[in-house]
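Q: Could you go through this structure with me, starting with the backbone and then the interface?
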Amino acid sequence: MGLTLTHFVVLGAVLFCIGLYGALTKRNAVAILMSIEIMLNAVNITLIAFSFFNHVKPYANLLTGQIFAIFIITVAAAEAALALAMIIAIYRKRQTVDVGEIDMLKW
Amino acid sequence: MDLASLIFWIIAVVLVAAALVVVGQRNIVHSALALVVVFAMASGIFLLLNAEFIAIVQILIYAGAVTILILFALMLTRIAGQRVTNPNARPLAMAVALVVSTLVGLGIIFAATVSQFAQSAPAAPLLQGTVCSLPSNNVIAIGQLLYSPSCYSYVLPFEIATVVLLVAIVGAIVISREEE
């Protein structure tokens with residue numbers, strides 16, 4: 001029984017769902033960010049698996065999935081830096097990181 | 001069962017277990033430490049898929065930089081005397097979230113395994129421009145794909161990504177700066 005694309009896609013789906021559950025249920029903003037990082041990692045696993053199992057001729061050489069994964073990692077790093085800066089700024093103003101209590105934008 | 005399958009199953013089990021620890025732990029510092037395991041195991045999956053460069057980048061950026069960033073944010077936002085630092089929402093909301101995420105997961109797995117998308121033939125090539133013959137070395141291939149000025153490459157998206165990073169860094173400094 002060898003490894004197929006399905007193995008990796010299902011692993012990515014399971015990981016994505018765990019991250020989604022965490023992002024939906026957590027109250028701490030940093031914990032939500034951690035769950036989002038798990039979701040991004042799941043997507044990276046899926047993309048790289050597609051890249052590995054792609055044998056269509058000109059595309060297989062292009063490693064498109066791996067290039068996409070590099071860009072996702074870039075954006076994830078930028079997102080983490082910005083989100084944590086925002087969390088620290090909010091904590092300084094409101095003394096809380098509970099997303100249920102952060103309602104400055106709620107009218 | 002061959003060696004690759006064995007490695008895959010070990011990594012997959014540890015990966016999912018660590019992700020569950022991240023989501024389920026009450027103490028958020030433990031969650032952050034389990035996140036390192038998640039990133040390291042994902043890096044192992046990338047190695048299994050012949051993506052050596054991304055595996056190294058994963059260790060450097062995720063397990064190194066992002067986790068340190070998260071731990072710093074936790075340190076700076078620590079609320080004194082609070083035992084449960086990683087509270088969950090109400091039980092009803094948790095049940096709804098569980099159902100939603102399970103449905104999303106079953107949808108993805110359905111689409112990937114039994115739906116007609118999974119069985120359809122690959123699309124016909126419609127690539128414009130010449131593709132350089134890429135070496136089998138993963139790092140060299142990715143370097144050519146990202147920077148090559150003459151062949152088909154991702155130079156423009158790469159430059160845009162650098163601008164995005166610069167804006168993010170400057171924005172993070174501006175947002176988190178102490179006001180005078």
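A: B:Asn50 counts as partly exposed, at 43% relative accessibility (buried is under 20% relative accessible area, exposed over 50%, partly exposed in between; 1.4 Å probe, protein chains only). This is a predicted model: local features need pLDDT of at least 70, side-chain atom pairs count only at pLDDT 80 or more, and totals for chains, interfaces and linings use all residues. Residues are numbered from 1 along each chain as its sequence is written, chains are lettered from A in the order in which they are written, and side-chain values use heavy atoms, without hydrogens and water.

Q: What is phi of B:Asn50 near, and where is the residue?
A: Its phi is near 60 degrees, a positive value in a residue other than glycine. B:Asn50 lies in the loop between helix H2 (28-48) and helix H3 (52-76) of chain B; helices are DSSP runs of H or I, at least four residues, numbered from the N terminus.

Q: On to the interface: how many residues does the contact take from each chain?
A: Chain B gives 84 residues and chain A gives 66 residues, with contact meaning heavy atoms within 4.5 Å.

Q: And what area is buried between them?
A: About 6,600 Å² is buried between chain B and chain A, and carbon and sulfur atoms give 80% of it. Buried area is the accessible area (1.4 Å probe) that two parts lose on being put together, summed over both.

Q: Which residues of chain B lose the most area?
A: They are B:Val23, B:Leu49 and B:Tyr62, together 10% of what that side buries.

Technical notes:
Helices (H or I, at least four residues) and strands (E, at least two) are DSSP runs, numbered from the N terminus.
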